Amino acid sequence: MGKTLFSARKRLIKRAKHLAIAGYSVIPVHGDSLPEQPKKPAVKWRKFQKRIPSPVEIDSAFPEDVTALGIVCGSVSRLFVIDFDDHLTYQKFCRRFPQHIATHTVKTNRGFHLYFCSDQKVPSHQFAGGDIKGERSYVIAPPSQIAGFEYREVKDIAPLELSRDEVYELLNYLQSAPAGNRVATPRGDGQAKTDLVQLYGRLAKQLGRNNALYRCASVARDEGLGEKDVVALLGQAHVWEADMHGMRGESPESRLGEALRTIASAFKKGHGISVYGSGIPNSLREFLLQKQRSTVLIRLLEVFRLAKWRESEWFTLGEAIGAASRFGLNRKSVLDALGGEASVYDGRYIVRRRYVEYLDNGGLKSRGRGRPCQIMYQVPAIGGLMRRMGLTWSPADSVSAEDIKSAHAYRLALHREYLKRLSPEVPKSWLAKRIGVNARTIARYNRALGVSVVEKVGACPLTRGVLDSLPKRRRHDVKNSTNGYWLEMEDGRRFPAWRHIGSWLLKGAGGDVRICMRRPSRYVMSGEGSRVEYENMSVASFVSARALRDAGSKEGRLEGAINALVDFAKRRADGARAERIPLFFESVAREIAPDKVAETIRGYLLAFDRDGRRVERPVKRGIAYRMLKQFGEGNVYLASLEGAGDLLLTFAKRALRLGEAPRALELLMRAAEG
């Protein structure tokens, strides 16, 4: 046991010295040696918040029984760490910031640690689903062991260096990312909590306990605190606060219940914080562009985000027009977004409206003095819109005020940010459908942005064995065109990919011939210019893709692909049986048992008639003699069914009978590839 502890301590000290040399301040942590407080530092570590310990200090600071070490975050190490407590929050972060996940990553007992370097001072605080370790904080580092779990590095690379804007973007997202109906809860310092309690005590003497509690809960809500945190701060203060009219004799339990109801009312009726700060999800943007066929509504939502309006906040038409005018939206666009064709989805207004009689500075009321008003509108909640339209959360690309001044600028910005973030490899038609334009408009956008288009072309050699994969031209087909695929000569000449043209090229044109098919292009924001890249393509992939392109509806496409692959897989399987055994009169007795002898042969007798059509018969000696008499020697074969392609065909047919079309398609692809 002592030897094990000694080796563990030696391992920790070696790791700590390595981190100190790399510029990180390290401290010993008790770990399993103190089970009740495993993450408590084993030394007084305040001085190490300002400087990095020397190797001598590291040797003397680590007791013999410690099993963990910590890295001090903040300015001393130029380090802050995002601690995700669950996998779901971590996965959402990775989808939102794919450019920031290539950093030093550590697996913890509950989630992950993501390390980042920055010159910015990042305060330590909580968010919904984890913590941010910054100033005056430390993080447990590998190879620490706590409760039998060893922290280990998932990505052993240097922490990513972040600029000021990137740090603020991360912090804003983590503070406003949705987690059910709750919002992120900053931890705050003791002074802020004390000020809130003091505010409650001062207002209670002026307004009464309930009114003061409601006001303070509203203030805390607008500052970003969660409902549970407000209960923890003000619940007991409300229980023991004297009533301004004297004590009525309520029990502490009844007062606490009153506090819970009042705080819940403040959070229910309040505006809450805006989730627009992290941007509008791309899935919602794309949905509205496609369904509404207009940009006015989504651009108005962008105005709410840039103007920092809180969701569920009520506003008038004049206020909306005034705010929109500062960002380039005219009065007609606002009217269309709030009451035109683009304002309705599924028979209901997207921006909720309410008819009122009067409006005062305190909000809505149905009677009393004030200026007359007809309609009030409410800033829609992003979460409510997503649920109503059946959408899931997705990344939110950055859109500035300049990008929403016109429909052209807005669509161009969404296209630009998407290409910048992913460099996708998709068809141009898909990019066009995403933002509600046509393919020619996408081509203009690419030229304006200087996008490099890498055109992908799949190619496979044309041989006699794959000639059957080409389609036969029917009477109603276009003579000089095939849908996205062609035949190409070695010198670059192209021909329609009809079977008779392929046969002619193989016979007399000379040179190498290959089947080419257009694949989804890749779009890169590099400005290097467009180019064409050829990549290998299997014959089965060509047959499947050709059937999908030539078919009509979605169901017809799948059925056409399956039928084409079945036919080609049969022909390919027959070709694989080219080593079939030719039969002669003197060899029948040797190859085939007598008809009365029980013998199972997985195969069939094969012959070809005068027209070249296949004739298949069961494997029996008598039938073999009759076929030899009818078709002649050398034209009758014993074909075997024992092969991988036949088994795959059998499995594919079984999957089709069970209604598993995608699995059948996969099996047929494998069978066709041989």
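This is a short walk through one predicted protein model, from the whole chain down to a few single residues.

Okay, some housekeeping before we look around. The model is predicted, so local features need pLDDT of at least 70 and side-chain atom pairs count only at pLDDT 80 or more, while totals for chains, interfaces and linings use all residues. Residues are numbered from 1 along each chain as its sequence is written, and side-chain values use heavy atoms, with hydrogens and water left out.

Let's start with the whole chain. The secondary structure comes to 23 helices and 31 strands; helices here are DSSP runs of H or I with at least four residues, strands are runs of E with at least two, and both are numbered from the N terminus. Of the 674 residues in the chain, 45% are buried. Buried means under 20% relative accessible area, exposed means over 50%, and partly exposed is in between, using a 1.4 Å probe and protein chains only. Now take the contacts (heavy atoms within 4.5 Å). Among those with a separation of 6 or more, 71% are between residues 24 or more positions apart.

So what's on the inside? In general, nonpolar side chains in soluble globular proteins tend to be buried together. By a nonpolar core I mean a set of buried Ala, Val, Leu, Ile, Met, Phe, Trp, Tyr and Cys residues joined through side-chain atoms within 4.5 Å. The largest one here has 47 residues, and Leu284, Leu288, Phe315 and Leu338 have the most contacts inside it. Several helices supply at least two residues each, including H9 (282-292), H12 (331-339) and H16 (439-449). Which helix gives the most to this core? That's H10, with seven residues. Apart from this core lies another, of 32 residues, with Leu19, Leu69, Val72 and Tyr115 among them.

Next, charges. Side chains of opposite charge can pair when their charged atoms come close. I'm counting a salt bridge when a side-chain nitrogen of Lys or Arg is within 4 Å of a carboxyl oxygen of Asp or Glu. The structure holds 24 of these salt bridges. One of them joins Arg416 and Asp403, with the closest N and O atoms 3.1 Å apart. Arg416 sits in helix H14 (residues 407-422) and Asp403 in the loop between H13 (382-388) and H14, so the partners are 13 residues apart in the chain. Both Arg416 and Asp403 are buried. They also belong to a network of salt bridges, along with Glu417 and Lys420.

Here's another pair: Glu488 and Arg514, again with the closest N and O atoms 3.1 Å apart. This one links strand E23 (residues 485-489) to strand E25 (residues 513-518), 26 residues apart. Are the two partners buried or partly exposed? Glu488 is buried at 5% relative accessible area, whereas Arg514 counts as partly exposed at 29%.

On to the cysteines. A disulfide is a covalent bond between the sulfur atoms of two cysteines, and the cut-off here is a pair of cysteine sulfur atoms within 2.5 Å.

Now helix H3, residues 87-96. Its buried residues are Thr89, Tyr90, Phe93, Cys94 and Arg96. Seen down the axis of H3, they fall within an arc of 165 degrees, so they line one face of the helix; the arc is that of the directions from the helix axis to the C-beta atoms. At the N-terminal end, Asp86 caps H3, with a side-chain oxygen 3.2 Å from the backbone nitrogen of Leu88. That's a polar contact: a pair of N or O atoms within 3.5 Å, where within protein one must be able to donate a hydrogen and the other to accept it, and residues adjacent in sequence count only if both atoms are side-chain atoms.

Last stop, Ser144. You'll find Ser144 in the loop between strand E8 (138-141) and strand E9 (145-146). Ser144 counts as buried, at 0% relative accessibility. Its side chain reaches the backbone oxygen of Ala141 at 2.4 Å. Beyond its neighbours within four places in sequence, Ser144 is in contact with residues including Leu12, Leu69 and Tyr151.
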